[in-house]
Amino acid sequence: MPDNKVLITDELGSIIDVADKLDAGDGIESFKGILCPGFINAHCHLELSHLKNTIPEKTGLVDFVQQVMQKRWAPTNNKLNAATEKELLMTNAVEEMYNSGTVAVGDICNTSDSILVKQNSTIYWHNFIEASGFVDGVAEKRLEEVSNVYDAFIKNGFNNSTTFSPHAPYSVSKTLFELLNNLTAKKLITIHNQETAAEDELYLDKSGGFLSLYKNLGIDIAGFSPTGLSSLQSWMPYFTKSQSIISVHNTFISGDDIAIAKQQIVKSNSNLFFCLCVNSNIYIENKMPPIQLLMDNDAQIVIGTDSYASNWQLNILEEIKTIQSKTSNTIPLEEILKWATSNGAKALQMDHLLGSFEKGKLPGIVLIENADGLLLNLNSSARRIL
């Protein structure tokens, strides 16, 4: 908020006006810090909250994926049954997000475990029901299995905020991509993209670390033929029906990839957002995505946290602090806050309500404290005040 402006709201936080300070009247409450709309976490896995501090850092994505698959179903506290423990830890995760300023989350769902927690939350949710299966012959079966999860969310009131999505290019077959394209026409979807160099290697010439993953999991990939192209250039052409796409991670994306993506979204009348989960990228691969490259190509950037399995917290301000520090404070805070608020709201198709201080919206109000002007430091923090 500019220093000469006053934000006028009702008791619930709905924006009545943004007025000049001289015209605002009496009873103005002042805060020391930066006021901004509530944060949008465009990518999270709430149902993996029980994996906090269970997977070692910086082992690379292939090893990380194997460990998630081994541990995601196992309870970590012998005093509680698995379902009770997961619900408790998801509730704690939601509380952390809410208190640190998050008002909406794009959440990946492989199960219906998070439904009750979300129903009891004041955070807005978009539920991405994730489909995977790298063998063409099991595509219809895999889609049928996740359809049960989709139906559970619909039956529990998430009618307009639940869509199917592919997991990642290394886990979705050609047939499954085609099925998902038909199922998601004009819908919002998300996909994990180029999180590791091995993903491009798989599609370029059928080499790299994922071959060992398939072998360890007993997955026969004899039917997979490399495209000779990067991962992004291989999966994007599957989506031809005006989908709005959130491409997550993008750690190894290239300028050519971005150019091809732009051509594809024009061709298919689609929309494309690039989600940064920088602390997760550091946690898993110890690498930052090429943020400046995305900015130079006018990419629509949003921010996510990923899950407790690959992050130390689910706090959007910590993502912003990492972006500032790892880019030597060359990106203005105003720009990064746009990614975390208005861009995120547009990506989740909630910008009619969230993302900016505009009359009639209910965006939440966050106070960022202990900043050096518009530069954050280790002690900077964010809390939701309305």
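Biologist: Is the crossing of α12 and α13 right-handed or left-handed?

Modeller: Keep in mind that this is a predicted model. In it, α12 and α13 cross in a right-handed way. The contact involves Ile 316, Ile 320, Ile 323 and Gln 324 from α12, and Leu 333, Ile 336, Leu 337, Trp 339 and Ala 340 from α13. Sort those residues by class and you get eight nonpolar, one polar and no charged.

Biologist: At what angle do α12 and α13 pack, and how far apart are their axes?

Modeller: Helix α12 covers residues 316-326 and helix α13 covers 333-347; they pack at about 140°, with axes 11 Å apart. Angles over 145 degrees would count as roughly antiparallel, so α12 and α13 are oblique to each other.

Biologist: Which residues make the contact of α1 with α7?

Modeller: On the α1 side, look for Leu 61, Val 62, Val 65, Gln 66 and Met 69; on the α7 side, Phe 210, Ser 212, Leu 213, Asn 216 and Leu 217. By class, that contact has seven nonpolar, three polar and no charged residues.

Biologist: On to empty space. What does rolling a probe over the atoms show?

Modeller: A probe the size of a water molecule, rolled over the atoms, shows where empty space is left. Take the second largest pocket here, which holds about 870 Å³ of space. It is lined by 35 residues, and the closest to its centre are Met 69, Arg 72, Asn 110, Ser 132 and His 167.

Biologist: Which helix or strand gives the most to the lining of that second largest pocket?

Modeller: That's α1, with five residues. At least two residues each come from α1 (61-71), β6 (124-131), α4 (139-155) and α7 (210-217). The lining of this pocket divides into 19 nonpolar, 10 polar and six charged residues.

Biologist: What classes of residue does the lining of the largest cavity have?

Modeller: Four charged, two polar and two nonpolar residues.

Notes:
Residues numbered from 1 in each chain as written. Predicted model: local features only at pLDDT ≥ 70, side-chain atom pairs only at ≥ 80, totals over all residues. Heavy atoms only, no water. Nonpolar A, V, L, I, M, F, W, Y, C, P; charged D, E, K, R; others polar. Axes fitted to C-alpha atoms, helices over the stretch in contact; angles between N-to-C directions. Helix = DSSP H or I, 4+ residues; strand = E, 2+ residues; numbered from the N terminus. Parallel < 35°, antiparallel > 145°, perpendicular 65-115°, else oblique. Left-handed = near helix turned anticlockwise from the far one by under 90°. Contact = heavy atoms within 4.5 Å. 1 Å grid on protein atoms, 1.4 Å probe; cavity = no way out; pocket = protein on both sides within 12 Å on 5 of 7 lines; lining within 4 Å. Points joined across faces, edges and corners; volume = space filled by probe spheres on them.
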